[in-house]
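Colleague: I'm new to this one. Could you walk me through how the inside is put together?

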Amino acid sequence: MITRHGWTAIVAAVACFAIGRVFGLIELFVVGVGVVVALLVAVISVQRRLPPLNVRRMVSPSMVSVGEPARVDIQLTNVGRQASPYLQLWEPVGNNGGAPMQLARLGPGQAASAAYRVPTARRGLIRTGPLRALRRDVLGLTQRTTTLAGTEEVLIVPHTIALPFPSVGSSGRLGQHLRMKSWGQTGSEFHSLREYQRGDDIRRINWKASARSTSLIVRETALEGIRRCTVVLDVTASEYVASSFEQAVVAAASITASSAHTGVNTRFVTNDVDLRGPDVAANTLRWLATVEPVDDAHEIASMNSGMSEGMGLLVIVTGSATSAAAAQLRAATTQDETLVIVCATAYTASTRFIVDATSTEALIASWSQLIVGSSQAVMS
């Protein structure tokens with residue numbers, strides 16, 4: 001490809017030939033010929049095939065949380081028999097810029113390396129590459145671009161907050177509610193034996209222990225705890241303003257991670273996604289890395305989880321407690337489930353289980369107050 005200087009040289013050569021013919025100046029013909037020869041030499045020099053360069057690109061790490069450092073290391077090795085020319089390297093990083101590098105001449109077998117940092121201020125998928133090499137002649141009249149390597153991806157997932165997960169032993173309002181609800185559940189874990197009292201379920205009588213006693217003995221089981229947790233993210237664009245959707249993403253990721261790390265059977269649901277299984281926390285983070293609010297969101301998937309029976313927690317992260325998604329979840333909540341609404345746009349204090357997630361600090365304070373009666377959590 002001819003550069004701007006090259007086109008200037010062409011115009012100058014034509015002018016020399018034209019003026020030299022009009023005025024009969026042989027010197028201008030000589031200058032014009034010299035310019036043409038320089039252009040031909042420049043074209044031939046940049047069109048010569050580059051010696052084979054082995055490119056090794058290392059992305060560390062390939063998945064990173066927002067704000068954490070990530071870098072790309074590039075190593076180039078001349079595996080040919082001739083020295084490589086001076087090259088200007090350019091690697092696009094995302095959609096808004098890239099990393100420029102300069103590669104000096106490399107002899108056969110020689111290697112050079114460079115590194116740059118990946119911007120991680122926002123969640124999303126960043127593609128790096130392809131790595132391109134720009135080769136110019138000495139005078140800068142022509143240039144040629146060659147692709148040396150393909151692309152790699154860096155997934156920037158939302159950061160999470162280590163939120164406490166509720167249980168029947170929690171001291172907050174939600175813990176007290178769960179403790180009262182657990183009395184109506186029949187646990188399966190043995191706790192102790194005691195004498196039969198009027199009103200006890202006869203199916204809980206331990207006949208072997210009763211045969212060795214003068215009275216009936218009842219098998220006491222431990223209080224039933226939370227066995228399943230469903231986290232729902234409302235992606236309806238009209239429910240959010242400014243950066244409130246980002247707050248909703250952080251809240252959904254944090255609660256899902258908290259539930260999964262506790263060992264509770266966890267499920268993550270949106271209008272078009274239903275994630276379950278042992279890797280639900282990691283898969284949820286990967287999906288949340290690129291999620292965006294939509295204008296025409298469908299209704300949330302059915303809440304019939306198919307999980308084992310027992311106490312369940314249903315958490316919806318939405319704009320406000322009056323959203324359409326929150327109303328849908330209220331109608332879908334079963335007798336064994338407790339609904340918690342996490343509001344990322346508008347929060348109004350209520351006696352119901354509603355959490356303020358309009359900021360990271362508010363989420364930490366409000367969630368912790370609801371669960372343990374204090375405001376403690378850790379960024380992770």
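Predicted model: local features only at pLDDT ≥ 70, side-chain atom pairs only at ≥ 80, totals over all residues.

Colleague: OK, how many aromatic pairs does the structure hold?

Modeller: With that cut-off of 6.5 Å between ring centres, the count of aromatic pairs in the structure comes to three.
One of them joins Phe-17 of helix α1 (residues 4-23) to Phe-29 of helix α2 (residues 26-47), twelve residues apart. So, going by the count, the number you want is three.

Colleague: Is the pair of Phe-17 and Phe-29 stacked, tilted or edge-to-face?

Modeller: The two ring centres sit 5.9 Å from each other, with 50° between the planes. Under 30 degrees would count as stacked and over 60 as edge-to-face. That leaves Phe-17 and Phe-29 as tilted.

Colleague: And is Phe-17 buried, partly exposed or exposed?

Modeller: Buried means under 20% relative accessible area, and exposed means over 50%. Phe-29 has 29% and counts as partly exposed. Phe-17 has a relative accessible area of 29%, so Phe-17 is partly exposed.

Colleague: What kind of pair do Tyr-240 and Phe-245 form?

Modeller: Both Tyr-240 and Phe-245 are buried. Their ring centres lie 5.1 Å apart, and the planes make an angle of 80°.

Colleague: Now the helices: are α5 and α6 roughly parallel or roughly antiparallel?

Modeller: Helix α5 (residues 244-262) packs against helix α6 (residues 280-288) with the axes 9 Å apart and an angle of about 170°. Angles over 145 degrees count as roughly antiparallel. α5 and α6 are therefore roughly antiparallel.

Colleague: How many charged residues are in the contact of α5 with α6?

Modeller: On the α5 side you'll find Ala-252, Ala-253 and Thr-256, among others, and on the α6 side residues including Val-280, Thr-284 and Leu-288. Sorted by class, the contact has nine nonpolar and two polar residues, and the charged ones number: no charged residues.

Colleague: Last one: which element gives the most to the largest nonpolar core?

Modeller: That core has 45 residues, and Leu-233, Val-340, Val-342 and Trp-367 touch the most other members. Elements giving two or more residues include β14 (226-233), β18 (337-343) and α8 (360-371). Another core, of 22 residues, lies apart from it, with Leu-87 and Met-101 among its members. Back in the 45-residue core, eight residues come from the top contributor, α5.

Methods. Residues numbered from 1 in each chain as written. Heavy atoms only, no water. Axes fitted to C-alpha atoms, helices over the stretch in contact; angles between N-to-C directions. Helix = DSSP H or I, 4+ residues; strand = E, 2+ residues; numbered from the N terminus. Parallel < 35°, antiparallel > 145°, perpendicular 65-115°, else oblique. Contact = heavy atoms within 4.5 Å. Nonpolar A, V, L, I, M, F, W, Y, C, P; charged D, E, K, R; others polar. Core = buried A, V, L, I, M, F, W, Y, C linked by side-chain atoms within 4.5 Å. Buried < 20%, exposed > 50% of the residue type's maximum accessible area, 1.4 Å probe, protein only. Phe/Tyr/Trp six-rings, centres within 6.5 Å; stacked < 30°, edge-to-face > 60°.
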